[in-house]
Amino acid sequence: MAAARKRTLSGFEDVIDGKTTFFKDSSEKIHISALVLARGGSKGIPLKNIKVLAGVPLIGWVLRAAVDSKQFDSVWVSTDHDNIEKVAKAWGAQVHRRSPEVSKDSSSSLDTIQEFARLNPEVNVICHIQATSPCLHPFHLKEALELITNQGFTSVFAVARQHHFRWQEVKKGGSVATKPMNIDPSNRPRRQDWDGELCENGSFYIHTRATIEEGLQGGKWAYYEMLPEYSVDIDVDIDWPVAEQRVLRFGYFGLDKPEVVRLLLCNVSGCLTDGRVLISASEEETISVNTRDTMGIRMLQREGVEVILISSNEDLTKALADKLSQRTGCEVRQLGKDIQGEAKAMMVDRDLDWKKVAYMGNDAPDVDCLNLAGLSAVPRDAPVVAINAAKYSCHSAAGRGAVREFSEHILLLKKKAKSQMEQDRIHRQAF
């Protein structure tokens, strides 16, 4: 009886007459890293990796899933671009500044991963997560990693089931007939009678260090199947608005369950308006408000969300505040320097916590409230300091539909939260 024992990442592996048995050694700690490759030179969409998708930079979706999975000893973004580095750090990742040698158009993902492995010798397992897979959830990563840590596989990759009939490609203009690749045309199966085929969906690839050093040759491979609704690939889904709708429905929004917003605090200057105050020859001050934004406010009010417009005394005279309140049907509060403290007082009066409050700001004084609010947003033209603090970045600029856009986002998440609560109720009644 031939027998051999070798140490693996998860303990020991015994091979006896071709049969493999694994023995877990929990005393040995392994270092598992998540690595997102985000080169700045995207040919299709410029700086695609940080382009805002449903209010979040594209890499933000996968970084949030990686961090919240609590499966990784370190989370990294490999990039050659300063702006991508800033966004990566804002979303909780460390940055591997890749060398020029692996930043070329001809450089492969494996080249960059091998460089990262050489520079980080403490890492035993690398989970290469594709930035273009924004519907990734923490449970996907947890379950896939268990195939490495508990079952002894050396490589795991994500797949999705597809039901496509494939035919052999032939040259145009020729007389060669095509042939079926995976069906019998005389006995074409119905979709429900055919299991389909498993195809890589590109969400992630997990490898041990040894497998990476060997150029992904050999080892023990396994696939992890994801449902098709989670398999959004921005490299394929060129239509960005379509991808956004998919992400809003199936994306991962954080550890907390979606909350039903009860109150929106919205800055007047720099959010509802573009920040300009027009002064006439008679010294009369006027501001411009977009009807799309006022309609967004009414949409929230009809769904039971209270909207309070906030402003400083310097930004808005009492006469303008009264006129704006009459026009929008909202209370207009003129606040001092302690915005957070006054916002907290309004919440106490309504018996609310930050999770049930949405906040729309546009500059440094708003950062604390943007961080604390359950939902927060900034217009497209807000300064970087505010953008980094917000949970949603609008496509629209201040005074040009940003409030309407954020209102629609709030209502969409409100609908999603109610749907989830209804599903939970149905589930509880079933048992």
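**Note on selected local features of the predicted model**

1. Asp381 touches Ala397 and Ala398, residues up to four places away in sequence being left out of the count; contact here means heavy atoms within 4.5 Å. A polar atom of the Asp381 side chain lies 3.2 Å from the backbone nitrogen of Ala398. For reference, a polar contact is a pair of N or O atoms within 3.5 Å; within protein, one must be able to donate a hydrogen and the other to accept it, and residues adjacent in sequence count only if both atoms are side-chain atoms.

2. The structure is a predicted model, in which local features need pLDDT of at least 70 and side-chain atom pairs count only at pLDDT 80 or more, while totals for chains, interfaces and linings use all residues. Residues are numbered from 1 along each chain as its sequence is written, and side-chain values use heavy atoms, with hydrogens and water left out.

3. Asp381 is placed in the loop between strand 19 (375–378) and helix 11 (384–389). Helices (H or I, at least four residues) and strands (E, at least two) are DSSP runs, numbered from the N terminus. Asp381 is partly exposed, at a relative accessible area of 48%; buried means under 20%, exposed over 50%, and partly exposed in between (1.4 Å probe, protein chains only). Between the C-alpha atoms of Asp381 and Ala402, which are 21 residues apart along the chain, the separation is 9.9 Å.

4. Strand 10 (residues 155–162) is mostly covered, with six of its eight residues buried. Strand 10 pairs with strand 11 (residues 197–208) in the antiparallel sense over seven bridges, and with strand 12 in the parallel sense over six bridges. Two strands are said to pair if DSSP finds at least two bridges between them. Gln162 has Glu197 as its bridge partner in strand 11, and Val159 has Glu225 as its bridge partner in strand 12.

5. Leu216 deserves a backbone check: its phi is positive, about 65°, although Leu216 is not a glycine. Leu216 sits in the loop between helix 5 (209–213) and strand 12 (221–226). Its relative accessible area is 27%, so Leu216 is partly exposed.

6. Asp351 likewise is not a glycine, yet has a positive phi of about 55°. The residue belongs to the loop between helix 9 (339–349) and strand 18 (357–360). With a relative accessible area of 71%, Asp351 is exposed.
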